[in-house]
Amino acid sequence: MEKIETHNEEQKIRIQIKELGARLKSIREAQGLSVADISNSTKIQKHYLAAIEEGNLDFLPRGPYVRRFIRQYCDYL
């Protein structure tokens with residue numbers, strides 16, 4: 001039973017990350033900014049920014065880096 005709950009929590013997190021990424025992309029585009037603009041200002045590599053926008057956790061570094069990248073991206077926007 002615990003394994004199923006853990007799996008469901010992971011799915012919820014993935015869905016939330018996808019929704020957040022889509023929201024960030026929408027805000028970025030509404031402001032007329034490119035991924036390169038965000039990358040130049042935050043020093044976050046473009047492929048990490050793209051992974052955040054796509055909600056693809058598998059292409060992001062593990063640990064506190066993900067939170068820091070997302071926070072920096074949100075703060076910039």
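Which helix of the protein chain has the lowest confidence, and which has the highest?

**Figure 1. Confidence along the predicted model.** What you're looking at is a predicted model, and the protein chain averages a pLDDT of 90. Confidence is lowest in helix α1 (residues 2-30), with a mean of 86. It is highest in helix α2 (residues 35-42), at 97. Overall, 94% of the residues score at least 70.

**Figure 2. Aromatic rings around helix α4.** The structure has two aromatic pairs. In one of them, the ring centres of Tyr65 and Phe69 sit 6.5 Å apart with their planes at 45°, so this pair counts as tilted. Tyr65 and Phe69 both belong to helix α4 (residues 64-76), where they are four residues apart, or about one turn of the helix. Is Phe69 buried or exposed? Phe69 counts as buried because its relative accessibility is 9%, under the 20% cut-off. Tyr65, at 46%, is partly exposed. Bring in Tyr48 as well, and ring pairs link Tyr48, Tyr65 and Phe69 into a cluster.

Figure 3. Side chains of opposite charge can pair when their charged atoms come close. The structure holds four salt bridges, and here we zoom in on Lys12 and Glu9, whose side chains meet at 3.6 Å, N to O. Both residues lie in helix α1, three residues apart, which is about one turn of the helix. Lys12 is partly exposed at 47% relative accessible area, and Glu9 is partly exposed at 43%.

**Figure 4. Asp58 reaches Arg14.** In this salt bridge the closest N and O atoms are 3.3 Å apart. The pair links distant parts of the chain, with Asp58 in the loop between α3 and α4 and Arg14 in helix α1, 44 residues apart. Arg14 counts as partly exposed, at 29% relative accessibility.

**Figure 5. Glu53 and Arg28, a buried pair.** The side chains of Glu53 and Arg28 form a salt bridge at 2.6 Å, N to O. Glu53 lies in helix α3 and Arg28 in helix α1, so the pair ties together parts that are 25 residues apart in sequence. Both partners are buried, and salt bridges with shared partners also join Glu10, Arg14 and Asp58 into one network. For Glu53, the relative accessibility is 9%. What else does Glu53 touch, leaving out residues up to four places away in sequence? Its contacts include Gly21, Ala22, Lys25, Val35 and Tyr73.

How values were computed
Residues numbered from 1 in each chain as written. Predicted model: local features only at pLDDT ≥ 70, side-chain atom pairs only at ≥ 80, totals over all residues. Heavy atoms only, no water. pLDDT = per-residue confidence, 0-100. Helix = DSSP H or I, 4+ residues; strand = E, 2+ residues; numbered from the N terminus. Phe/Tyr/Trp six-rings, centres within 6.5 Å; stacked < 30°, edge-to-face > 60°. Buried < 20%, exposed > 50% of the residue type's maximum accessible area, 1.4 Å probe, protein only. Contact = heavy atoms within 4.5 Å.
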